[in-house]
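Me: I have a structure open and would like to go through it with you. Could we begin with the contact between the chains?
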Amino acid sequence: MSLILSRRDLDFLLYQWLDVEALTRFPRYAEHSRDTFDAVLDTSEKIATERFAPHNKLNDQHEPHFDGERVTMHDQVKPALDAYCDAGLMAAAQDAEFGGMQLPTVVEKASFAYFLGANVGTSAYPFLTIGNANTLLKHGTPAQIDAFVRPQFAGRYFGTMCLSEPQAGSSLSDIVTRAEYEGDSALGPQYRLTGNKMWISGGEHELSENIVHLVLAKVPDDNGRLIPGVKGISLFIVPKYLVNADGTRGERNDVVLAGLNHKMGYRGTTNCLLNFGEGTRHRPGGKAGAIGYRVGELHRGLACMFHMMNEARIGVGLGATMLGYTGYLHALDYARTRKQGRVISGSGKEASAPQQPIIEHADVRRMLLAQKAYVEGALALNLYCSQLVDVQHNSDDAAERERMTLLLEILTPIAKSWPSQWCLEANSLAIQVHGGYGYTRDYNVEQFYRDNRLNPIHEGTHGVQGLDLLGRKVVMQDGAALKALGAVVARSVARAAAVPTLADYAKTLGESMQNLAVVTQRLWAAGDIHKTLANSSVYLEAFGHTVLAWIWLEQALAAQRLPADDFTAGKLQACRYFFEWELPKVGPQLDLLAAMDTTALDMRDAWF
Amino acid sequence: MKALVSVKRVVDYNVRVQVKSDGSGVITEGVKHSMNPFDEIAMEEAVRLKEKGKLTEIVAITIGGAKNEETLRSALAFGADRAIHIKEEGDVQPLTAARAFAAALKKEGAQVFFAGKQAIDDDANQTGQMVAALLDIAQATFASKVELDGGKAVVTREVDAGLETLEVDLPAVITTDLRLNEPRYLKLPDIMKAKKKPIETVTFADLGVEKGAALTISKTSAPPKRSKGIMVKTVDELVSALKSKGLV
């Protein structure tokens, strides 16, 4: 049994629930069929199991080291990534001309799920590279694509995204990295960048020939002043090594590693403070300043970067999901083999009877069932969102494309935040199932927990996601996104209402959605933006649980159509768990929101 | 020079195989299947020999039901040029398989027949040897090194005493052992290319082979559970325990 991901579950989600084979109706995927999807999943499972999983713990115990000159890391990281790149996985979703196989996004994400579950630290390098290359593919010029995108899809260059600065994390409007125009070049308008970027994953390493940094910076106005706010931000390609006209590696650019951050988890990924334009060790063209090529229009950088950020947010959700998923499988395996105590039978406990596997204890099954509901639900949501991307990019029906866009807008904060919160909780429960052993570093589950603790923080914190959902997404275009979601949920509710075993859940979900809509209206009727948004993270959680109840009802609908077996029984039981144990948590949250509670808002700094 | 490589679809090596409750066999329904790992090694070796210019064509061959096409597609993605699918839904015993492979080998005029030394489902370790016997050609089994040159093959074999090197005339049967090579991972673009490569479907009748059943399976059962060990306090106690069991 794989301890990374259940293939039976993945097959169920892809083929029996989402019917991803139907995507072959689009010309882009016409050459595909289930056997090509399966072959990709088989290869991914194999490479993840054989090359990524074995060094997951080693990567954590021997984190990358910076001696002031070079970064060194565990020697199994590079061969694993070489195997990944050689198999063509970096370009899986791309056109054949980029070495790709035009794999649908949903299958690409399912494939990548294996790597995230096997070794999240090593997987961060391809994760960032693919996001970087996709962003440049959309916004770069043909010359920029040739110089920086092709080598990334070929696995020769890796990529990063450089947004945060030591003084500006969530608040991007306050970045001060400066880009001074120098003249035009074959690779676009050329600038000299100076500044510092913080929390840059994959910012320095020797795993690839070159590193392509996508950097947000501000171009000063005629008076040399930076434009305040996000409107002044532009996007730049800053390669570690400049690229010659013939594609060979050129001079070392003026971007240097100032230091590595020492993290709680995700230790296999170098996380860097980068200095741009130090002018001491590297002076390209004999001058200080990191050479950067502008991508897209001046002052429109953040819009371009959002392309990468939205993709990264769903990706972070998937990473959180997979850490929870592998933790759940580890806990399940442990619970089936670890013997401890005896279950009370008819006349009480029989002390002389052999000890039983701990899965025989009801409370252990409760913890496993909670994990199952969180991780399988989260995976289903992430794959659902990925399939929306496929339809959004390929449908020839403009109204359908628009609907997919709206659904993605409103579901992205959930796809990011819900797994980050609840699959982390699953990791906590996995430790609990292991008991004292789970708290030791001899077992794997404590690392999953530490790794997963990052996910509610990066790519927009939990609080930022709450503001995005309540402050922006549910009210965008007069609530069009919320209406689009309401419509798909209503369809599931109608289908489930016709199934006797699911009719009660259908009714509950219908009411829950209704309450959510009422509360949303009420919050926005407050007439005071501070009051509206005061409890947005509670709103995010209530919204997320309602969405997941819908996802579980959908899975139950798919499962009850199949021949009854242990697998389908497990799905139906997890659905029951979600509706009986989890969805009721939403009621008090909505009450608190509807009451416009201001307890947190009214609290004063001095009172702490 | 052409090589025929047999690839068998078996229950994946990671699956914990379970015996059916009526003892008629093991559960194969709803269980992950993949290419027999020893056959993967045979495929890899053939592809490496082709990359070195020692082979000009690789033909993958399998016997089995419709799902075996997946295994052939994997072989084609590995690097086989085309494939032959001997369609048969029922159970096939080693001798029947060997007769079919022998007929195909003759028909194709292939110089080398590569196969895994055994398949991990029944571990019979018979088919390759039988193919050689039926055609009265040389065999070099359990290969850990293979060199092809000028109508001959030099094969290093893994035997109980160590390694044995044989030189055999072609055509010959070569069955592959674990240490011969490490099979590559399939490349995604090759998975797409494999879709366009031809698979020829034939039946036993087309090959002039009658499906025999020389063996009957009377019962399948799980191996007996290991009984609990005992701790002895002294060496003397150990020796007497071994003696009483007739082990020394």
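Me: Which residue of chain B does A:Lys46 meet in a salt bridge?
Reply: In this predicted model, the side chain of A:Lys46 meets that of B:Glu40, with N to O at 2.9 Å.

Me: How many salt bridges does the rule find across the interface of chain A and chain B?
Reply: The rule finds five salt bridges across that interface. Nine residue pairs are also in polar contact there, both residues of a pair being at pLDDT 80 or more.

Me: Which helices of chain A each supply at least two residues of the side that touches chain B?
Reply: They are α2 (34-52) and α4 (77-86) of chain A. The largest share comes from α2(A), with eleven residues.

Me: And by class, what does that side of chain A have?
Reply: The side of chain A that touches chain B has nine nonpolar, six polar and nine charged residues.

Me: How many residues are in contact overall?
Reply: On chain A, 24 residues are in contact with 15 residues of chain B.

Me: What area do chain A and chain B bury between them?
Reply: They bury about 1700 Å², and 55% of this is on carbon and sulfur atoms. Three residues, A:Glu31, A:Lys46 and A:Met101, supply 26% of the area that chain A buries against chain B, more than any other three residues.

Me: What does the model score for ipTM and pTM?
Reply: The ipTM is 0.89 and the pTM is 0.93. For chain B, the mean pLDDT is 94, and 100% of its residues reach 70 or more.

Me: Back to salt bridges. How many are found over all chains?
Reply: The search of the whole structure finds 55. One of them is between A:Arg450 and A:Asp60, whose closest N and O atoms are 2.7 Å apart.

Me: Changing topic: which feature does UniProt place at residues 161-276 of chain A?
Reply: The unreviewed UniProt entry gives "domain: Acyl-CoA oxidase/dehydrogenase middle" for that span. Residues 161-276 of chain A are 0% helix and 51% strand, and their end C-alpha atoms lie 14 Å apart.

Me: And what is placed at residues 300-467 of chain A?
Reply: The record, again an unreviewed entry, gives "domain: Acyl-CoA dehydrogenase/oxidase C-terminal". This span is 72% helix and 0% strand, with its end C-alpha atoms 22 Å apart.

Me: What about residues 493-603 of chain A?
Reply: There UniProt places "domain: Acetyl-CoA dehydrogenase-like C-terminal", also from an unreviewed entry. Over residues 493-603 the chain is 78% helix and 0% strand, and the end C-alpha atoms are 41 Å apart.

Me: On to the backbone. Which residues does a cis peptide bond join?
Reply: A cis peptide bond joins B:Leu170 and B:Pro171, with omega about 0°. B:Pro171 sits in the loop between β9 (162-169) and β10 (172-176) of chain B.

Me: Which residue has a positive phi although it is not a glycine?
Reply: That is A:Tyr266, with a phi of about 50°. A:Tyr266 is found in the loop between β10 (255-260) and β11 (271-276) of chain A.

Me: Why remark on such cases at all?
Reply: Most residues other than glycine have a negative phi, and most peptide bonds are trans.

Conventions:
Residues are numbered from 1 along each chain as its sequence is written. Chains are lettered from A and ligands numbered from 1 in the order in which they are written. Side-chain values use heavy atoms; hydrogens and water are left out. Contact means heavy atoms within 4.5 Å. Buried area is the accessible area (1.4 Å probe) that two parts lose on being put together, summed over both. A salt bridge is a side-chain nitrogen of Lys or Arg within 4 Å of a carboxyl oxygen of Asp or Glu. A polar contact is a pair of N or O atoms within 3.5 Å; within protein, one must be able to donate a hydrogen and the other to accept it, and residues adjacent in sequence count only if both atoms are side-chain atoms. Helices (H or I, at least four residues) and strands (E, at least two) are DSSP runs, numbered from the N terminus. Ala, Val, Leu, Ile, Met, Phe, Trp, Tyr, Cys and Pro count as nonpolar, Asp, Glu, Lys and Arg as charged, and the others, Gly among them, as polar. pLDDT is the predictor's confidence in each residue, from 0 to 100. UniProt positions are given in the numbering used here, feature names are shortened, and annotations may be inferred rather than shown by experiment.
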